[in-house]
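Hi,

Here is the structure I said I would pass on. Have a look at it first, and then read my notes below.

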Amino acid sequence: MQGSKSVATVGFFDGVHLGHQDLLQRVRTEAGKMGAKSVVITFAEHPLTVVGGASRKKPLLLCDRRDKEMLLSQQGMDFILMLHFTPELAAITGKDFAQTLHDKCNTTALVMGYDNHFGSKRFSTQEETQAYIDSWAIPVIRHEALYKDDIKVSSSVIRSAVQSGDFAKAWSLLGRPYSVKGIVQHGSKIGRSLEYPTANIEIDAEHELVPAQGIFVSEVIVEGTRYGGMSYYGQRPTLGHDEKARMEVFLFDFSGDLYGKEVEILFYHYLRADIKFYSLDALAEQLRKDEIDSRAFLKNLHAE
């Protein structure tokens with residue numbers, strides 16, 4: 001990037017959803033007009049982990065740092081800069097940050113999303129905010145929000161859709177099915193006795209978004225191969241109610257050893273709530289019904 005002009009954008013880009021992708025396309029377009037390189041600047045940590053304070057709730061993330069880098073790399077940007085969001089960085093004003101981009105990256109324009117307000121300074125009116133931005137060393141191009149089926153595309157809307165089990169809405173706004181990744185661990189193996197051996201997935205539920213507890217129609221990607229299946233997130237009330245919710249998945253038509261492998265679970269449809277059955281036989285009977293419903297859903301999904 002040294003010696004080349006650049007057009008940049010700055011943001012956290014959680015999920016790299018269709019709204020983010022539309023913004024990045026604008027950056028590439030503006031860069032093309034100016035004969036400049038396109039640059040996206042993002043952060044390894046969510047800003048609220050630094051500036052939110054102990055009492056402010058931190059959002060659960062739609063993707064981790066590794067997946068965000070991978071998703072951003074698919075957007076055709078010339079450069080991706082991943083910064084650590086530190087207290088020192090949080091203290092920098094937007095004007096000083098823009099000056100640094102101008103001096104260090106030869107940035108000639110900054111494209112900002114409709115709700116992006118980076119920098120430590122805050123103003124009480126839009127007029128004051130705009131006057132401050134107009135004083136920066138580089139011009140700022142505001143990019144309007146993207147709407148899909150009259151819904152504003154945003155990470156918060158997608159989080160709400162996932163948590164409520166509306167995976168079709170999440171897919172529509174993300175541009176892909178919502179998914180989580182994790183490593184297969186050894187479990188209690190009770191599923192085997194029910195003829196439904198499940199893979200127990202270690203996930204980072206403290207930081208990454210998982211659906212509300214229940215049973216879901218899913219697909220599972222294992223070493224590049226996709227399998228239909230049913231996924232479960234809950235506390236296993238029929239088996240004694242675990243203290244901590246766990247993620248399990250049953251893969252259709254799969255045989256092999258999954259232990260220690262990373263898998264990706266794609267969520268398509270909320271089947272039912274997690275309830276307590278009066279016996280293991282009753283649970284097994286319900287699982288057979290769940291499998292029939294799940295296979296039918298996936299068949300219709302792929303026939304469309």
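Arg295 counts as partly exposed because its relative accessibility is 33%, while Asp253, at 65%, is exposed. (Buried means under 20% relative accessible area, exposed over 50%, and partly exposed in between, using a 1.4 Å probe and protein chains only.)

Before you go further, a word on the source. This is a predicted model, where local features need pLDDT of at least 70 and side-chain atom pairs count only at pLDDT 80 or more, though totals for chains, interfaces and linings use all residues. Residues are numbered from 1 along each chain as its sequence is written, and side-chain values use heavy atoms, with hydrogens and water left out.

Now the overall picture. The protein chain has 10 helices and 13 strands; these are DSSP runs numbered from the N terminus, helices being H or I with at least four residues and strands E with at least two. Of its 304 residues, 46% are buried. The C-alpha atoms fill a box of roughly 70 × 45 × 40 Å along the principal axes.

How many salt bridges does the structure hold? There are 12. Another one joins Lys261 and Glu223, whose closest N and O atoms are 3.6 Å apart. Lys261 is in the loop between strand E12 (246–251) and strand E13 (262–272), and Glu223 is in the loop between strand E10 (214–222) and strand E11 (225–234), so the pair ties together parts that are 38 residues apart in sequence. Lys261 is partly exposed at 28%, and Glu223 is exposed at 62%.

Back in helix H10, Arg288 and Glu285 are 3 residues apart, so about one helical turn separates them. They form a salt bridge too, at 3.0 Å between the closest N and O atoms. Arg288 is partly exposed at 35%, and so is Glu285 at 36%. Elsewhere, salt bridges that share partners join Arg26, Glu30 and Lys33 into one network.

Next, the domains. The assignment, which is automatic or from a database, gives domain 1 (6–152) and domain 2 (179–302). Their C-alpha centres lie 37 Å apart. The contact (heavy atoms within 4.5 Å) takes 7 residues from each of domain 1 and domain 2. Together the domains bury about 610 Å², 46% of it on carbon and sulfur atoms; buried area is the accessible area (1.4 Å probe) that two parts lose on being put together, summed over both. Leu60, Leu61 and Arg66 supply 64% of the area that domain 1 buries against domain 2, more than any other three residues.

Which residue meets Arg66 in a salt bridge? That partner is Glu262, at 2.6 Å from N to O.

Have a look at Arg66 in the viewer and tell me what you think!

Cheers

Methods:
Salt bridge = Lys/Arg side-chain N within 4 Å of Asp/Glu carboxyl O.
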